[in-house]
Amino acid sequence: MDPISLGDVASYCFVSREHLSRIFKKETGFGFNEYVTLLRLRKAEEMIMCEPNKTISEIAYECGFNDGNYFSYKFKKMYGISPIKARSNQ
């Protein structure tokens, strides 16, 4: 839920942002922000399937998305269906 930045992680690891960015991309194949979004979307998918009493907006917020429309856009881009359809297809 909490914001996390490349700068925060770099400071924690005592390296420069640029160095961490290069190493992260080399090792994971993802940019830092792209990877954080991927993790947030995976958690959201799990919550959509396992927590039917929570609204999609609540799940989006709890996974770190402040904009429900942006969340829905990214979810659909990753999974090919909207979060609402994902829930109804279970």
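A residue is called buried here when its relative accessible area is under 20%, exposed when it is over 50%, and partly exposed in between, using a 1.4 Å probe and protein chains only. The structure is a predicted model, in which local features need pLDDT of at least 70 and side-chain atom pairs count only at pLDDT 80 or more, while totals for chains, interfaces and linings use all residues. Residues are numbered from 1 along each chain as its sequence is written, and side-chain values use heavy atoms, with hydrogens and water left out.

Start with Arg87, which lies in helix H6 (residues 83–88). Helices here are DSSP runs of H or I with at least four residues, strands are runs of E with at least two, and both are numbered from the N terminus. In the charge count, Lys and Arg are positive and Asp and Glu are negative, whereas His and the chain ends are not counted. A salt bridge is a side-chain nitrogen of Lys or Arg within 4 Å of a carboxyl oxygen of Asp or Glu. Arg87 is buried but has no salt bridge, and the nearest side chain of opposite charge, that of Glu58, is 7.3 Å away.

What does the side chain of Arg87 reach at 3.0 Å? It is the backbone oxygen of Glu51. The backbone oxygen of Lys54 also lies 2.8 Å from a polar atom of the Arg87 side chain. Such pairs are polar contacts, meaning N or O atoms within 3.5 Å; within protein, one atom must be able to donate a hydrogen and the other to accept it, and residues adjacent in sequence count only if both atoms are side-chain atoms. Contact in the wider sense means heavy atoms within 4.5 Å. Leaving out residues up to four places away in sequence, Arg87 touches Met47, Ile48, Glu51, Pro52, Lys54, Thr55, Ile56 and Ile59.

Glu51 and Lys54 also take part in salt bridges. The whole structure has three of them. In one, Lys54 pairs with Glu51, with the closest N and O atoms 3.0 Å apart. In another, the side chains of Lys54 and Glu62 meet at 2.7 Å, N to O. Through shared partners, these bridges join Glu51, Lys54 and Glu62 into one network. Lys54 is partly exposed because its relative accessibility is 24%. Glu51 is partly exposed at 27%, and Glu62 is partly exposed at 29%.

Another salt bridge links Glu46 and Lys43, whose closest N and O atoms are 3.3 Å apart. Why are these two separated by about one helical turn? They are three residues apart in helix H3 (residues 32–50), so about one turn lies between them. Glu46 is partly exposed, with 44% relative accessibility, and Lys43 is partly exposed, with 40%.

Next come the nonpolar residues. A nonpolar core is a set of buried Ala, Val, Leu, Ile, Met, Phe, Trp, Tyr and Cys residues joined through side-chain atoms within 4.5 Å. The largest one has 12 residues, including Leu41, Met47, Ile48, Ile56, Ile59, Cys63, Phe71 and Ala86. Two or more residues come from each of H3, helix H4 (56–62) and helix H5 (68–79). H3 gives the most, with four residues. Apart from this core lies another of six residues, among them Leu6, Ala10, Phe24 and Val36.

Leu6 lies in helix H1 and is buried, at 12% relative accessibility. Setting aside neighbours within four places in sequence, Leu6 is in contact with Arg17, Leu20, Ser21 and Phe32. The C-alpha atoms of Leu6 and Gly31 are 9.8 Å apart, and the two residues are 25 residues apart along the chain.

Where does Phe14 lie? Phe14 is in the loop between helix H1 (6–13) and helix H2 (17–28). Phe14 has a positive phi of about 60° although it is not a glycine. Phe14 is also exposed, with a relative accessible area of 76%.

The last topic is the cysteines. A disulfide is a pair of cysteine sulfur atoms within 2.5 Å, and by this rule there are zero disulfides. The sulfur of Cys50 is 12 Å from the closest cysteine sulfur, in Cys63, which is too far for a bond. Cys50 is exposed, with 58% relative accessibility, whereas Cys63 is buried, with a relative accessible area of 4%.
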